[in-house]
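Here is a friendly walk through one protein model, from its loops to a cluster of annotated residues and a helix pair. Please have a look at the structure first.

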Amino acid sequence: MALRSLVSRKTLGLGLKLQFRGLQTFSLPDLPYDYGALEPAISGEIMQLHHQKHHQTYITNYNKSLEQLHHAMEKGDSSVVVKLQSAIKFNGGGHVNHSIFWKNLTPVQEGGGEPPHGRLGWAIDEDFGSLDSLIKKMSTEGAAVQGSGWVWLGLDKESKKLVVETTENQDPLVTKGPLVPLLGVDVWEHAYYLQYKNVRPDYLKNIWKVMNWKYAGEVYDKESS
């Protein structure tokens, strides 16, 4: 059995905790704003439940699956290793996706909704014609996702072009190819139902008012250079 360290370190990214003998677990990252800071676009109640309950559940189950995987690997139990892959993908993807999602949002008074500038703004105009066209495309494709999933703005590392993709359930964007997520919009009902009921298009219309294009631009600058 792996010996766990009593001392852990949380990173700025995915809330990584380092432990002995290579076993890693993850913790819930702090939000860079208050739960009610995105109102009226997203209510404080939704943000608190989404962060404390839903994201935390993915992390809890991800850590559990990783520990089971660790023990199965030590025992050489390949059947259990294979069995755990779906749980790791689902819960690990939920953690990765939500960690990006929180950074993709910011209060209006801190720049939420302000259009992108610099190289990302130019790339959007080149690849989609305009920011309005991109927003319309992402909103349309997000509304069309059947069941639960995500709609993404990504950078194709091979073509150096921007792309819009959707993923099912908690699949991260990397499952679609060599794509770097710049923006991800959660279209699971837990992200909007308490406020928007079953009218997903209204949620997708308003979320752009708190979109953190500055963060997306910083990721684009880093990954496209």
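Lys197 sits in the loop between helix H6 (193-196) and helix H7 (200-206); helices (H or I, at least four residues) and strands (E, at least two) are DSSP runs, numbered from the N terminus. The model is a predicted one, in which local features need pLDDT of at least 70 and side-chain atom pairs count only at pLDDT 80 or more, while totals for chains, interfaces and linings use all residues. Residues are numbered from 1 along each chain as its sequence is written, and side-chain values use heavy atoms, with hydrogens and water left out.

Lys197 is not a glycine, yet has a positive phi. Lys160, in the loop between strand S3 (149-156) and strand S4 (162-168), also has a positive phi without being a glycine. Buried here means under 20% relative accessible area, exposed over 50%, and partly exposed in between (1.4 Å probe, protein chains only).

| Residue | Phi | Relative accessibility | Class |
|---|---|---|---|
| Lys160 | about 65° | 40% | partly exposed |
| Lys197 | about 55° | 46% | partly exposed |

Another backbone feature is the cis peptide bond between Glu39 and Pro40, with omega about 5°. Pro40 belongs to the loop between strand S2 (25-26) and helix H1 (44-75).

## The annotated site

Which residues does UniProt place under "binding site"? The unreviewed entry lists His50, His98, Asp186 and His190; such annotations may be inferred rather than shown by experiment. They are spread over 141 residues of sequence but cluster in space, the largest C-alpha distance being 12.2 Å.

His98, in helix H3 (residues 85-103), counts as buried because its relative accessibility is 0%. Its contacts (heavy atoms within 4.5 Å) beyond four places in sequence include His50, Asp186 and His190. Asp186, in strand S5 (residues 179-186), is likewise buried at 0% relative accessibility. Beyond four places in sequence, Asp186 touches residues including His50, Trp150 and Tyr203.

A polar contact is a pair of N or O atoms within 3.5 Å; within protein, one must be able to donate a hydrogen and the other to accept it, and residues adjacent in sequence count only if both atoms are side-chain atoms. The side chain of His98 makes such a contact with that of His50 at 2.9 Å, and the side chain of Asp186 with that of His98 at 3.2 Å.

## A helix pair

Helix H4 (residues 118-128) and helix H8 (residues 213-224) pack at about 90°, with axes 8 Å apart. Among the residues making this contact are Leu120 and Ile124 of H4 and Trp213 and Tyr220 of H8.

Definitions and conventions
Axes fitted to C-alpha atoms, helices over the stretch in contact; angles between N-to-C directions.
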